[in-house]
Amino acid sequence: MPSTQRHYDLEAFNAVMTPEVADLSQALTVDGDLPEGLQGGSYLLNGPAMVRLGGRLMHPFDGHGFVRALRFEGGGARIQARFVDTPEWRRESAEQRPLYRGVGTRVGKGAFSNMLAPKMKNPANTCIQPWAGRLLALYEGGLPYALDPQSLETRGLETFDAALEGQRTVLAHTKVDAARQRLVMMSLRPGPSTGFTFFEFDAQGRQVARAEHTCKGMVFLHDFAITESHYVVLENPVDLDVGGLARMLMGTGSLIGMLKSSPRDARLIAVPRDGGEARTIDLGRGLFAVHHAGAFEQDGRLILDSALFDSFQFGREFGFRGGDLPLDPGVREPGQGQHLTRFTVDLATGSVETRRLSDWSLDFPRIHPDREGLAYRHVYACTSTPQGANDPFTALIALDLEEGTEQVWGGGEGCFVGEPVFAPRPGGVEENDGWVLAAVYDGRNEAAFLGVFDPCDVAAGPIARVHLPGLLPYGFHGTWQAA
Ligand SMILES: [Fe+2]
């Protein structure tokens, strides 16, 4: 059931999730005071589109990647958007029906539909990361696609000179060690034991480090963190759901439907970036976190901040209610909300302290892009108003971890707020010198805009609104590409 009275047109919201344009380029109108410091840069966003095919609605996780670039130029802004040109997108868009299995959707209504369509798709729809002269469109279930940074045309699967060849699952989330100019990626080998491999690529895309680790048990991972000397993994223990597994085997269920969060104790694993022995710290409790704000080391302690779920269930993400009902962004996920939680690990003794950093339920936490792996003070995230409400995310929150203060801006009824991205001011030194950018989907007015916020005064609302052409499809993750 919707958590609130609906203040938006469900059909309009769904119609835009399947945009008719495959290649968009147009100037945008701007209200307010667009900062000069953004000029020359681009806000990049990836997310699922074309979720409705052949009268069936696919889970947003299975929608084809639709990359948007908001270019700040000529004193204003322009949008470019393109689908990631995968073989699966070509076939499904040409035939206008689902042909591949997704992680959250069956191919069709029939019990044998999955069996008749044995291939999984890689919709390249989750993250977007510029690196070494290409844009990477990333998805959990396959290799990244490389796009041309200017035209957004798809070049093809990216292996970084075969370094990623043979990796079936590369995490959609990557980390950038800005000081060392390294892109860090992680691949996963799922199974009764879970294997991880970490890769580091230099500014030219050459592999300069690689480390492996295997842990016992089945775990789910979507994100990881880095410090100056470790890769940091927070395991989410999962079990097979017997009913979900049977449905999957019979072809009537989905991949995520066969997993459930496990009460087994979770572990934090710190794998040295220089190849030493990994440290495994038992956290003494089951837990689940999808995203991390960041990690760093200080005085012999490793600190990790994660958006930790109070409880977690797979399914119904982003308003999905099954293949026969429209997506409803106001539908709450079945889990219990998530809180920014700090794990402080004493690397000498292995003791760990856990502390909640905010009482606001939040996710999609982001920090200054140059602070990955380093101590940080400011975190920006999606939250919901009033305080205590869980998803859907209707507000933006800025946390000052040093002062212990929080600022919240709510978009109002019918508005949904996407992941905040920090755009540093060129030449700025202070961590909060720049702007926070967040896409706002305004269901009341069937419009969407990119809100530009002053990080010191988020509660005042956007200082500028860059109006997008209609209600663009909801995005998952974005990034800032400096001039
Ligand atoms: Fe994510």
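I count two strands as paired if DSSP finds at least two bridges between them. Strands (E, at least two residues) and helices (H or I, at least four) are DSSP runs, numbered from the N terminus.

**Ground rules.** I am reading a predicted model, where local features need pLDDT of at least 70, side-chain atom pairs count only at pLDDT 80 or more, and totals for chains, interfaces and linings use all residues. Residues are numbered from 1 along each chain as its sequence is written, and side-chain values use heavy atoms, with hydrogens and water left out.

**Strand E30 and its partners.** I looked up E30, residues 395-400. I found Gly 410 of E31 as the bridge partner of Ala 395. The hairpin of E30 and E31 has 4 residues between the strands, and Gly 404 takes a positive phi near 70° in this hairpin.

**Cover.** Buried means under 20% relative accessible area, exposed over 50%, partly exposed in between (1.4 Å probe, protein chains only). In E30, 6 of 6 residues are buried. Ala 395, Ile 397 and Leu 399 point one way, Leu 396, Ala 398 and Asp 400 the other.

**Cysteines.** How many disulfides are there? I take a disulfide as a pair of cysteine sulfur atoms within 2.5 Å. The count is 0. Cys 415 has its closest cysteine sulfur in Cys 382, 13 Å away, so the two are too far apart for a bond. Cys 415 is buried at 2% relative accessibility. Cys 215 is buried too, at 4%.
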